[in-house]
Amino acid sequence: MVLDLRVLNNLVVVAQEANISRAAERLNLSQPALSRSIAQLEAKFGLRLLDRSRTGVTLTNAGEDLLAKARRLLGEAVAIENDLLMQSRGDSGRIRLGVGPLVSGIVMEPLLIESLERWPMLSIVIDVEPTMNLVLRLMDAEIDCCICAESTLEPNPALAITVLAQIQMGFFVRAGHPLLTGSAPFDPKDMALYPRMTGRSPNPFAPSFQSIFEGLPPTLECDNFSILKQVALHSDAIWYASDRVISDQLAAGELMELPVSTMPAAREINIVLAHLRNRTLSPATQGVIGVATSILQSQQECPAHQSS
């Protein structure tokens with residue numbers, strides 16, 4: 001037995017007007033149709049809700065009690081409708097976004113600042129974790145999607161992958177590093193003499209990972225880029241990273257890029273969006289992903305494409 005919100009609204013207007021004719025005019029209904037809707041509600045529950053007279057109508061005790069509940073219920077219905085409309089425009093709702101460490105270092109601050117300015121009613125939950133952990137959370141539907149480096153993803157047929165941008169990687173050292181101050185030209189093989197740092201890989205024995213430092217394995221793997229930044233600034237370690245993560249330190253001359261343009265290792269990596277193939281991303285999630293994509297694509301051109 002389901003109550004019709006329209007009938008409850010009819011009762012509220014009748015109570016406000018205390019007159020069937022005026023209420024019918026306000027509701028754009030005929031007087032018989034309005035009277036019939038109230039009478040059917042009364043008959044349905046065997047309760048008289050209105051006392052009728054030649055001068056108008058008044059609510060019975062049962063009518064007064066129903067009126068208070070009807071007003072609350074109609075107010076909730078309006079709130080639900082407004083919330084759904086805002087969610088359909090991406091203005092409200094709740095999104096759960098996973099972000100890989102490298103992407104976090106590039107987009108997190110500007111993404112949150114712009115998102116909070118554009119969608120102040122939106123609830124955003126962001127988890128920064130290694131990609132392998134984010135994939136597990138995707139599979140358990142604990143997050144809606146994740147943005148990470150494609151090279152850190154293992155093949156998974158359950159995931160839809162969209163390339164958002166391509167970023168340049170490089171080898172960075174502190175100002176005054178011995179590899180920058182020697183009289184002889186830089187030789188990539190000289191990296192064997194110094195600690196070599198990079199983010200973690202889901203498969204540390206993969207040839208692409210092992211070949212980053214001219215065939216030399218990393219000596220330090222860490223997904224905390226703030227820590228790696230401090231280590232690079234205060235040691236002779238060589239850091240394989242994106243200049244987007246350390247733009248302030250590069251501008252200040254505190255970190256510098258090694259001239260390794262002749263090295264065969266891949267210098268570009270794809271940043272991708274991953275989500276379950278059978279999961280529809282909400283308008284709010286799509287809006288935030290759009291902001292992240294714009295940030296990632298700034299200062300470079302890379303048309304996004306989606307895997308089939």
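**Chatting about loops and helices**

Colleague: Hi! Let's start with Asn28: does Asn28 count as buried or exposed?
Modeller: Asn28 counts as exposed, because its relative accessibility is 72% and anything over 50% falls in that class. Keep in mind that this is a predicted model.

Colleague: Thanks! And where is the place of Asn28?
Modeller: Asn28 sits in the loop between H2 and H3.

Colleague: What is the phi of Asn28?
Modeller: Asn28 has a positive phi of about 60°, although Asn28 is not a glycine. Most residues other than glycine have a negative phi.

Colleague: Which other residue has a positive phi although it is not a glycine?
Modeller: Ala141 is one, with a positive phi of about 60°. Ala141 lies in the loop between helix H6 (131-139) and strand E5 (145-149). With 34% relative accessibility, Ala141 is partly exposed.

Colleague: Back to H2 and H3. At what angle do their axes cross?
Modeller: The axis of helix H2 (residues 20-27) and the axis of helix H3 (residues 31-45) cross at roughly 105° and come within 9 Å. Angles of 65 to 115 degrees count as roughly perpendicular, and therefore H2 and H3 are roughly perpendicular to each other.

Colleague: Nice. Which residues in H2 and H3 meet?
Modeller: From H2 there are Ile20, Ser21, Ala23, Ala24 and Leu27, and they meet Gln31, Leu34 and Ser35 in H3. The residues of this contact of H2 with H3 comprise 5 nonpolar, 3 polar and no charged.

Colleague: New topic: which residues of helix H9 are buried?
Modeller: In helix H9 (residues 225-233), the buried ones are Phe225, Leu228, Lys229 and Ala232. They span an arc of only 105° around the axis, so they are on the same side of H9. An α-helix has 3.6 residues a turn, so residues three or four places apart point the same way.

Colleague: And what does a side-chain oxygen of Asn224 reach at the start of H9?
Modeller: That oxygen of Asn224 comes to within 3.1 Å of the backbone nitrogen of Ser226.

Colleague: Where is the place of Gly253?
Modeller: Gly253 is in the loop between helix H10 (247-251) and strand E10 (255-257). Gly253 is partly exposed, with a relative accessible area of 35%. The C-alpha atoms of Gly253 and Ala175 are separated by 6.7 Å, and these residues are 78 residues apart along the chain.

Colleague: Last one: how many helices and strands does the chain come to?
Modeller: The chain has 11 helices and 12 strands. Of its 308 residues, 43% are buried.

Technical notes: Residues numbered from 1 in each chain as written. Predicted model: local features only at pLDDT ≥ 70, side-chain atom pairs only at ≥ 80, totals over all residues. Heavy atoms only, no water. Axes fitted to C-alpha atoms, helices over the stretch in contact; angles between N-to-C directions. Helix = DSSP H or I, 4+ residues; strand = E, 2+ residues; numbered from the N terminus. Parallel < 35°, antiparallel > 145°, perpendicular 65-115°, else oblique. Contact = heavy atoms within 4.5 Å. Nonpolar A, V, L, I, M, F, W, Y, C, P; charged D, E, K, R; others polar. Buried < 20%, exposed > 50% of the residue type's maximum accessible area, 1.4 Å probe, protein only. Arc of directions from axis to C-beta. Polar contact = N/O pair within 3.5 Å; in protein donor to acceptor, adjacent residues only side chain to side chain.
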